[in-house]
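Dear colleague,

I am passing this structure on to you. Please open it first, then read the notes below.

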Amino acid sequence: MTRSVSQAEQYLDKCAWAYYLRRVEGITPNPAAWSIQGTAFHGAIETYELGGRRADEDFVADLFSQDYSAAARKELDRQPDLDRWMTAGPDGASDIEARYVLGRSQTKAYVSWAKDHGPKLWKDTQGRPGVELHLQAEMGGVQVQGYIDQLVDDEPADAVRVRDLKTGSTKSKFQLQTYAILVRKALGLDVRKGDWYMAKTGGLSRPLDLSKVSEDEVGQRYAEMDAGVKRGDFPANPGFGCRFCDVSHACSVRKR
């Protein structure tokens, strides 16, 4: 079984019972417009970057609109009851509309930022830019995979930087630490720093020092999570996080 950052963080840091409901029982999660927004943003930016940044803001925003609208319609077909949608706004319908507008704005802002700052993406031997790189390696005796949003040329000249694109405000150091190990092991590249492009502010976060992150340190968490799952150990963690749990509708121990 291949593990990922989202699996490890859900099991270890959020709620192992939610992990069980979603990933073992196969409970269908309630939809959330913020998730659709993030996926559509990433897709539009991936196309823009792979196209050599030749497209203009409106074209890339239209890519976002197309993906967002198609995904929202699909989720509405699956779950037409907007009261069941997870939302940070007053209601599901308002949130869907607001995130459409917000996502277009964030997409345009990224294009403007990229043209002004021109981050140089790392390229593989075939000349493909380091965008949405799927890498896999063993850590702590566990196979771990990840999709790295961007791999950027860094200082010194032979180093690269891992970058994650965020449409929300939550940042995960463990995610960048995992990506650093994956890049070192799978590509043999030197990773010393990581950062986040924050779509809410239209710029980069402060860099995170990854030079001292070890495979043992990161792998220990994956080994702990993998062992717990294989033992069938899924303790519930009811509390504030239940408000943001997409499988809480199937949970008998959630905090109401």
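One point before the rest: this is a predicted model.

I began with two loop positions. Glycine 202 is partly exposed, because its relative accessible area is 24%, between the cut-offs of 20% for buried and 50% for exposed. This glycine sits in the loop between β4 (190-198) and β5 (203-204). Beyond residues up to four places away in sequence, glycine 202 touches Trp113 and Tyr197.

Is glutamine 79 buried or exposed? Its relative accessibility is 13%, so it counts as buried; the cut-off is under 20%. Its side chain reaches the backbone nitrogen of aspartate 81 at 3.1 Å. Neighbours within four places in sequence aside, glutamine 79 is in contact with Asn30, Pro31, Arg84 and Trp85.

The largest nonpolar core has 41 residues. Leu151, Val162, Val183, Leu210 and Tyr222 have the most contacts inside it. Two or more residues each come from α1, α2, β1, β2, β3 (159-166), α6, β4 and α7. The largest share is from α6, with seven residues. A second core is separate and has 21 residues, including Phe41, Leu63, Tyr110 and Ala199.

Take a look at valine 162 in the largest core. Neighbours within four places in sequence aside, its contacts include Ile148, Leu151, Leu176, Val183, Val191 and Leu210. Gln150, Lys193 and Asp195 are also among them.

Last, α7. This helix covers residues 215-231, 17 residues in total. From first C-alpha to last it reaches 24 Å, close to the 24 Å expected at 1.5 Å a residue. Which residues of α7 are buried? They are Val218, Gly219, Tyr222, Met225, Asp226, Gly228 and Val229. These buried residues pack against α1 (5-14), α2 (16-24), β1 (131-139), β2 (142-154) and α6 (173-187). Glycine 232 follows the helix, and its phi is positive, near 75°.

Best regards

Terms used: Residues numbered from 1 in each chain as written. Predicted model: local features only at pLDDT ≥ 70, side-chain atom pairs only at ≥ 80, totals over all residues. Heavy atoms only, no water. Helix = DSSP H or I, 4+ residues; strand = E, 2+ residues; numbered from the N terminus. Expected span 1.5 Å × (residues − 1). Buried < 20%, exposed > 50% of the residue type's maximum accessible area, 1.4 Å probe, protein only. Contact = heavy atoms within 4.5 Å. Polar contact = N/O pair within 3.5 Å; in protein donor to acceptor, adjacent residues only side chain to side chain. Core = buried A, V, L, I, M, F, W, Y, C linked by side-chain atoms within 4.5 Å.
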